[in-house]
Amino acid sequence: MNKVLNILKRKKAILSGHFLLSSGLHSPNYVQCALALSDTKLAAKLGKALAAKWRGEKPQMIISPAMGGIIIGHEVASAMNLPFFFTERENGEMTLRRGFKLKKRIKVVIVEDVFTTGKSTIETAKVIEQRGGKILGALSIINRMGDRDLPFKNFSLVKVDIKTYEPKKCPLCKKKLPLIKPGSREIKKKN
Ligand code: ZN
């Protein structure tokens, strides 16, 4: 497991520093899988490793929520020799589009890049169940849910504990480390 964690750190999937999260909180870590998955050989390896993590009834297909889950979901499906669909938001609502139709009672495993709050995984599960599918569980590369859990069986390659701080109580601000807003090139000064 440590090996996967080291690879993810080296590939910048888990960053260390001083980050401004979309929640407004500050954190010494930031998780993003897109850069790591841009290495197609690594994406295939992670897909195989994640497919091997599954314990339980064999799924008949893999479904991932867009955008984050698509690449790794496709790799897991490929490793398990299964078909792959993705859900996406339409006017804010998670749905299945693009002619994706589920067979009745089809057994599905949901694959994500990161379990954070579990919101998109749970919304995807609802969409699948509403259309007659059966959720066996879920897989992710990274689990950073902390004390939270999903309402079904789930496995991840690595579990990381991401600390967050209120800006006023942030020890990194006290150390005057530059605050980075991920996804932008700008480095904000402490307010
Ligand atoms: Zn801070």
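Guide: Two residues are in contact here when heavy atoms of theirs lie within 4.5 Å of each other, and with that meaning in mind we can look at this predicted model.

Visitor: Which residues is Ile142 in contact with, leaving aside its neighbours within four places in sequence?

Guide: By that cut-off, Ile142 is in contact with Leu8, Ile14, Val31, Cys33, Asp113, Val114, Phe115, Ser156, Val158 and Val160. Ile142 also belongs to the largest nonpolar core, which has 53 residues, and together with Leu8, Leu46, Ile62, Val76 and Ile141 it touches the most other members. As a general background, nonpolar side chains in soluble globular proteins tend to be buried together.

Visitor: Which atoms coordinate the zinc ion, and at what distances?

Guide: The zinc ion is coordinated by NE2 of His18, ND1 of His26, SG of Cys170 and SG of Cys173, at 2.0 to 2.4 Å. A donor here must be an N, O or S atom within 2.8 Å of the metal, so these four atoms count as donors.

Visitor: What makes the arrangement around the zinc ion tetrahedral?

Guide: Four donors count as tetrahedral if all angles lie between 85 and 135 degrees; the donor atoms here subtend angles of 95 to 121°, and therefore the arrangement is called tetrahedral.

Visitor: Where in the chain do His26 and Cys170 lie?

Guide: His26 is in strand S2, whereas Cys170 is in the loop between strand S8 and helix H6, so that the pair, 144 residues apart, links distant parts of the chain. Both His26 and Cys170 are buried, which means that each has under 20% relative accessible area.

Visitor: Why is the pairing of Asp39 and Lys11 called a salt bridge?

Guide: The name requires a side-chain nitrogen of Lys or Arg within 4 Å of a carboxyl oxygen of Asp or Glu, and the closest N and O atoms of Asp39 and Lys11 are 2.9 Å apart, so the pair qualifies. Asp39 lies in the loop between helix H2 and helix H3, and Lys11 in the loop between helix H1 and strand S1, so the bridge ties together parts that are 28 residues apart in sequence.

Visitor: How do you know whether Asp39 counts as buried, partly exposed or exposed?

Guide: Buried means under 20% and exposed over 50%; the relative accessible area of Asp39 is 25%, which falls in between, and therefore Asp39 is partly exposed. Lys11, with 30%, is likewise partly exposed, whereas Lys3, with 66%, counts as exposed because its value is over 50%.

Visitor: Which residues of H1 are buried?

Guide: They are Val4, Leu5 and Leu8.

Notes:
Residues are numbered from 1 along each chain as its sequence is written. This is a predicted model: local features need pLDDT of at least 70, side-chain atom pairs count only at pLDDT 80 or more; totals for chains, interfaces and linings use all residues. Side-chain values use heavy atoms; hydrogens and water are left out. Donors are N, O and S atoms within 2.8 Å of the metal (3.2 Å for Na, K and Ca); water is not among the atoms, so sites may look incomplete. Four donors count as tetrahedral if all angles lie between 85 and 135 degrees; four count as square planar and six as octahedral if opposite donors are over 155 degrees apart and all others between 65 and 115; anything else is irregular. Helices (H or I, at least four residues) and strands (E, at least two) are DSSP runs, numbered from the N terminus. Buried means under 20% relative accessible area, exposed over 50%, partly exposed in between (1.4 Å probe, protein chains only). A nonpolar core is a set of buried Ala, Val, Leu, Ile, Met, Phe, Trp, Tyr and Cys residues joined through side-chain atoms within 4.5 Å.
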